[in-house]
Amino acid sequence: MDFRNSLLFLALAAATMFTSVVPDVYVVHMDKARMNSLDDSLGASKRWYETVIDSITEISSSIDEEEVKEQETLAPQLLYVYETAITGFAAELSKKQLESLKKMDGFLAATSDELLSLHTTHSTQFLGLRSGRGLWSAPSLASDVIIGVVDTGIWPEHISFHNSGMSPVPSGWKGVCEAGTKFSSSNCNKKLIGARVFSKAYEALVGRINETVDYRSPRDSEGHGTHTASTAAGNIVKNANFFGLAKGSASGMRYTSRIAAYKACYPLGCASSDILAAIDQAVSDGVDILSLSLGGSPRPYYADNMAIAAFGAIANGVFVSSSAGNSGPRRSTVGNTAPWMTTVAANYMDRSFPSGVKLGDGQVFMGASLYYGKATKQLPLVYGETAGAQGAQFCINGSLSPKLVRGKFVVCDRGINSRVEKGEQVKMAGGAGMIIVNTETGGEERFADPHILPATMLGAQAAISIKRYMNSTRKATASIEFYGTAYGNPAPVMAAFSSRGPSAVGPDIIKPDVTAPGVDILAAWPPNISPTRLKSDKRSVKFNFISGTSMSCPHVSGIAALLKSVHKDWSPAAIKSALMTTAYTLDTGMAPISDAASGSSKFATPFAFGSGHVDPERAADPGLVYDISTPDYLNYLCSLNYNSSQLALFSRNNFTCPDDAAILQPGDLNYPSFAVLFRNNSQSITATYKRTVTNVGIPVTVYAARVMQPNGVSVIVEPNILHFQGIGQKLSYKVSFTTLEGRNLSDSYSFGSIVWISEKHTVTSPIAVTWQ
């Protein structure tokens, strides 16, 4: 009998046994300090875990021979051993096997595996990076910095990853180039110095990878990993463009960095066990920066495998950059919220790809599109019932009637299927073009997409006007004109899709941390994948546009590599502090950064952009940094009342909370921003937090505190003057936040800042006050 029928037979024979026999993939965390004597080699660890797996048995003497044989086919399978960033393993286990494992000495926790989701010719200029100057000067770019990218793999032949003129691979590098489907060790070079693949958990969850559409190797079949890797560290490529749009030199943020690609993501997602194996291996290989453009739903740090692995990376001196997520503009959707991870939001740059929609009554609306054809004629407009059957308003598969849409423009609401898929449906039905209109939630956000027919996207206000116009006449018409590439828009503007705070997991930390370019980012692309990834799209490009916090994350990864190259002794926390305290919150027109989301105030808040938009050159000379050590992070977890088993997931030794742990408070973590929580009542309440800053600027200098108070809160800084006598000197201060009587109790949040100002530097920390 086949596997499925076997399980059915067992279910009928012994219903109580069924749930214990079905295997699942689990990440198992072990306490090395409590494990039996074991040397430090990976081989010894693997043998120890194999012994653990072999010792697990669930065969009961009460079942017959056939049932015993059935259970033997479901023996636990060891997938990965984690040794560097975390301690433990991943394995296929039944529930009963898991229960047996929990009785083993050293067991800490086990979490079910899950599939996580994947969350530039102009961005370097927008970020202020200039050839031959500052961070892009020869001395700054000379040192070796290795960026590890955990993603969908890489297209190694792309010109962005050529190694012309590069020095030999660093002698301390431990990574390898793994061979596999259409990938050999010769695909690596002095630029791409490592490439590995992790797919055991993915295949255990969804089945063996179909090698006709994907690769069981580090080669990229999705394009996402190639795009993010080149954004962080791709070579300078002159005359990059997309069918003539966005012409210029494409470059990674630190284009001289080495790249190590760790493929752990596939068409259906990224298995957390594979991601952990990739992170663990990357840290062991010797990367300096980890770029993680992926994530799942927010959860407590002790139940978040990404957070646990990232903690191990940080403890080993590796900077971790992660995407905030694409679930905005709903509040408390931000992911990757652990304070040791740098969480990056996404924004628009000052470059756009405008188009104009002119209605038959003379109204004109500005849209966005990467279509590069000529202007259209004035053509009839159809929408919803006038375009087809149920679902036609979204232009979903099979909803459009060729009889109704042939030769016409189809208006499609955003949602359900992708924007380029809507265009494919319109084209298949014989439509002449498409106008995508945004929803109220999406607001005025307009994505420029590489459509396969004349098409553009309009904002929510234009959607209302167009539908009103169509309802007013039986002969509604429209035309579209495409204007190419434009520069000079007020920027940055926060993307509506960028996930927002406050953090649902740690409201005592402002998340995201910073924002960076993440909309319409042009970067490297595999030549065998069309720009839309539609089967009907036969175009081939070297560079493609994508939007998302997946794109903003590698910008910060590359910038962190730039800072690492000029400040080799800085910790990951110091680099993060420099990025945050030098970020800016005004756009190119000197107005507060605005928000593309509808239904919110015109201006964005720290729950959208964190400390602000990254400024690489200023971050290289921040004046002061807020440093955080591994024990500091562990004390923070103590302040969250983590028990010894939960702490052991992070400490990997016999760390115990200090005797005065009862007086620890989360707000005392030496973070470069302030999140303050108050109960929503009229009483006067005071919260006092401590911070310590380290002088990394001018040896002898004086800083004075300037406070912008949040509405309804008094802020007092003591002392408000800091006198430094040398580089590396640390000075501490306290901040008292007191609620004011008579404040508006309907306000849930208010914002302010503390700025330390010297003759040369300004060091800014945002304040976010939440009334619960």
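**Entry 1: Disulfides**

How many disulfides does the structure hold? I looked this up first, bearing in mind that the model is predicted. The structure holds 4 disulfides. I reminded myself that a disulfide is a covalent bond between the sulfur atoms of two cysteines. Counting bonded cysteines along the chain, I noted the pattern 1-2, 3-4, 5-6, 7-8.

**Entry 2: Cys-265 and Cys-270**

I found Cys-265 joined to Cys-270 by a disulfide, with an S to S distance of 2.2 Å. I looked up the torsion about this S-S bond and found about 110°, so I recorded the disulfide as right-handed. Are these two cysteines buried or exposed? Cys-265 is buried, and Cys-270 is buried as well.

**Entry 3: Cys-395 and Cys-412**

I turned to Cys-395 and Cys-412, which form a disulfide with their sulfur atoms 2.0 Å apart. Cys-395 sits in the loop between strand E19 (379–383) and helix H12 (402–405), while Cys-412 belongs to strand E20 (residues 409–413), so this pair ties together parts 17 residues apart in sequence.

**Entry 4: Cys-638 and Cys-657**

I found a disulfide between Cys-638 and Cys-657, whose sulfur atoms are 1.9 Å apart. Which parts of the chain does this pair tie together? Cys-638 lies in helix H19 (residues 630–639) and Cys-657 in the loop between helix H20 (644–651) and strand E31 (674–678), so the joined parts are 19 residues apart in sequence. The torsion about the S-S bond of Cys-638 and Cys-657 is about -95°, so the disulfide is left-handed.

I then checked the accessibility of each partner. Cys-638 has 4% relative accessibility and therefore counts as buried. Cys-657 has 24% relative accessibility, so I listed this residue as partly exposed; the cut-off for buried is under 20%.

**Entry 5: Helices H15 and H16**

I next looked at helix H15 (residues 549–566) and helix H16 (residues 572–581), whose axes come within 10 Å and cross at roughly 115°. I therefore described H15 as roughly perpendicular to H16. The crossing of H15 past H16 is right-handed. Which residues of H15 meet H16? I listed Val-556, Ile-559, Ala-560, Leu-563 and Lys-564 in H15, which meet Ile-575, Ala-578 and Leu-579 in H16.

**Entry 6: Strands around E37**

Finally, I followed strand E37 (residues 749–757) and the strands paired with it. Strand E33 (residues 701–708) runs antiparallel to E37, and 5 bridges join the two. On the other pairing, 9 bridges join E37 to strand E38 (residues 762–771), again in an antiparallel arrangement. How many residues does the hairpin between E37 and E38 pass through? The hairpin joins E37 to E38 through 4 residues.

I used Trp-756 in E37 as a reference point for both pairings. Ala-705 stands opposite Trp-756, and Trp-756 stands opposite Val-763 in E38.

Technical notes. Residues numbered from 1 in each chain as written. Predicted model: local features only at pLDDT ≥ 70, side-chain atom pairs only at ≥ 80, totals over all residues. Heavy atoms only, no water. Pairing = 2+ DSSP bridges. Disulfide = S-S within 2.5 Å. Buried < 20%, exposed > 50% of the residue type's maximum accessible area, 1.4 Å probe, protein only. Axes fitted to C-alpha atoms, helices over the stretch in contact; angles between N-to-C directions. Parallel < 35°, antiparallel > 145°, perpendicular 65-115°, else oblique. Left-handed = near helix turned anticlockwise from the far one by under 90°. Contact = heavy atoms within 4.5 Å.
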